[in-house]
Amino acid sequence: MSVGAELLAELKHRAVCCIDEAKAKLHSLSKDIWSCPELAYDERKSHDTLVAFFRQEDGWKVDSHFKLDTAFRASWGAAGGSEPGDVVNVGFLCEYDALPTIGHACGHNLIAEVGAAAALGLKAVVENSSSSLPVRPQVTVLGTPAEEDGGGKVDMLREGAFEGLDVVFMAHPSKEDAAYLPCVAEQDVTIKYNGNASHASAYPWEGINALDAAVLCYNNLSVLRQQMKPDWRVHGIIKHGGVKPNIIPAYTELEYYLRTPSRSELPVLKAKAEMCFRSAAVATGCEVEIQFARNKYDNMLRNATLEGLYERNGKALGMDFTVDEDVLKNESGSTDFGNVTFVVPGIHPYFYIGSNALNHTEEYTDAAGDDRAQFYTLRTAKALVMTALDVLLRPELLQRVKQEFTEAKLKEKHTELLSSLHTD
């Protein structure tokens, strides 16, 4: 084993030990967040808990309201490196918003714990080894609110919160360990129909039925599915359908999610869906208001180098990565981390938490707060910090990561160009 390899192995071992030493306070951090579920952009107690956590740790500079009211940044930097400009800034992300009525059914308390644990582990080993490193390491933790609804990372990207990062890591709870699972592009849309109320029995001809418009809208989209690509998804609900059977509804409201495998296809699906929305208004005489969400979620750009490093480190820690093709190829959910991968190279692996419960269920809420999840959560943090150390100590790997990132963006731009030509 070369000197460089010996140092890398030693630092990985020390990082693992540092995380183990901090497991009690990390568990407490996670439990505090789990015990007080808060919705998007209103995660005040969870935000304050994380800010206090990093302020109590030595050496961290904490910006408590970084770009957004419930976002934060904790940063640490060290001296060293062969050249003054050899700085590598490694980012770890914490999420902490919950779901309505069922709390942390997506395990964001564990995401926050993973980010905090990995950051503590990396800082602990590099601050005492900076003279041995080929670069000057910096560690940045970003608290990113509103993943479940609204897209806090998109807001933060718009405000420049990710500028200066060289690579970024986070990990998401699941039913299995996987270095990558497909995440698709998505945008929310709200459709509002306005008609005229009237007595539904005495003089219905005086009314303009907004519920008819909503039903037609729903049916239009159902018919559209016949011409949709197999991997496109449109799903929604009628949020408001009227107030009483003997009153012709003057107002109805629907909410839909539109999803495509790539952000390049999303405008095509949006245009088709919008024709469905508007034609229902024309047919019934209603007025229609279409409100697309301010932020759309992009698909995730893969980085095979980072994925490979993470999987290798995870296996060294005992992870059993899924080989189920139905899981690995299932393009299901969406995340605003996808938008991040168009700006900074990164990975978003998934990790088993000791339960076969499905995300977004009450059973998963229980699993995310169960003590049994702790072993798997900290193991994931260890795999992330080990991967970060690979990048820091082997500059050729970071170069390969950045090259793949550039190539993936160029490929995506080419796809978007072709899609726009097809749309025109």
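**Rings, strands and cysteines in a predicted model**

Mentor: Lys-270 sits over the face of Phe-292, 4.6 Å from the ring centre. Keep in mind that this is a predicted model.

Trainee: Which ring does Lys-31 lie over?

Mentor: Lys-31 lies over the face of Trp-34, with 4.7 Å to the ring centre.

Trainee: And ring against ring, how many aromatic pairs does the structure hold?

Mentor: There are 8 aromatic pairs. One of them is Phe-54 with Trp-60, an edge-to-face pair at 5.2 Å centre to centre and 70 degrees between the planes.

Trainee: Is Phe-54 buried or exposed?

Mentor: Phe-54 is buried, at 0% relative accessible area. Trp-60 counts as buried too, at 10%.

Trainee: Why does the pair of Tyr-310 and Phe-321 count as edge-to-face?

Mentor: Their planes are at 85 degrees, and the ring centres are 6.0 Å apart, so the pair is edge-to-face. The cut-off for that class is over 60 degrees. Tyr-310 is in helix H8 (residues 304-316) and Phe-321 in the loop between H8 and helix H9 (325-328), so the pair links parts of the chain 11 residues apart. Both Tyr-310 and Phe-321 are buried.

Trainee: Back to Phe-54 and Trp-60. Which aromatic cluster are they in?

Mentor: Phe-53, Phe-54, Trp-60, Phe-72 and Tyr-96 form one aromatic cluster.

Trainee: Changing topic. What is the strand order in the open sheet of 6 strands?

Mentor: The order is E1-E2-E4-E3-E5-E11, and the pairing is mixed. Strand E1 (61-63) and strand E11 (346-347) are the edge strands, each pairing on one side only.

Trainee: How many bridges are there between E1 and E2?

Mentor: E1 pairs with strand E2 (residues 72-77) over 3 bridges, in the antiparallel sense. Val-62 has Ala-74 in E2 as its bridge partner.

Trainee: Which strands does helix H4 lie across?

Mentor: H4 (residues 108-126) lies across E2, strand E3 (87-94) and strand E4 (136-143), and runs at about 155 degrees to E3.

Trainee: What about strand E9, how many of its residues are buried?

Mentor: E9 (residues 251-260) is mostly covered, with 8 of its 10 residues buried. Strand E7 (residues 185-194) runs antiparallel to E9 and is joined to it by 10 bridges. Val-189 is bridged to Tyr-256 in E9.

Trainee: And how many bridges join E8 to E9?

Mentor: Strand E8 (residues 233-240) is joined to E9 by 7 bridges, again antiparallel. There, Ile-238 has Leu-254 in E9 as its bridge partner.

Trainee: Now cysteines. How many disulfides are there?

Mentor: The count is 0 disulfides. For Cys-94, the nearest cysteine sulfur is that of Cys-106, 15 Å away. Cys-94 itself is buried, at 0% relative accessibility.

Trainee: Last one. Where does Arg-379 lie, and what is it in contact with?

Mentor: Arg-379 lies in helix H12 (residues 373-393). Leaving aside neighbours within four places in sequence, Arg-379 is in contact with Asp-177, Leu-317, Gly-318 and Met-319.

Trainee: Is Arg-379 buried or exposed?

Mentor: Arg-379 counts as buried because its relative accessibility is 8%, and the cut-off for buried is under 20%.

Methods: Residues numbered from 1 in each chain as written. Predicted model: local features only at pLDDT ≥ 70, side-chain atom pairs only at ≥ 80, totals over all residues. Heavy atoms only, no water. Phe/Tyr/Trp six-rings, centres within 6.5 Å; stacked < 30°, edge-to-face > 60°. Buried < 20%, exposed > 50% of the residue type's maximum accessible area, 1.4 Å probe, protein only. Helix = DSSP H or I, 4+ residues; strand = E, 2+ residues; numbered from the N terminus. Lys NZ or Arg CZ within 6 Å of the ring centre and 35° of its normal. Pairing = 2+ DSSP bridges. Contact = heavy atoms within 4.5 Å. Axes fitted to C-alpha atoms, helices over the stretch in contact; angles between N-to-C directions. Disulfide = S-S within 2.5 Å.
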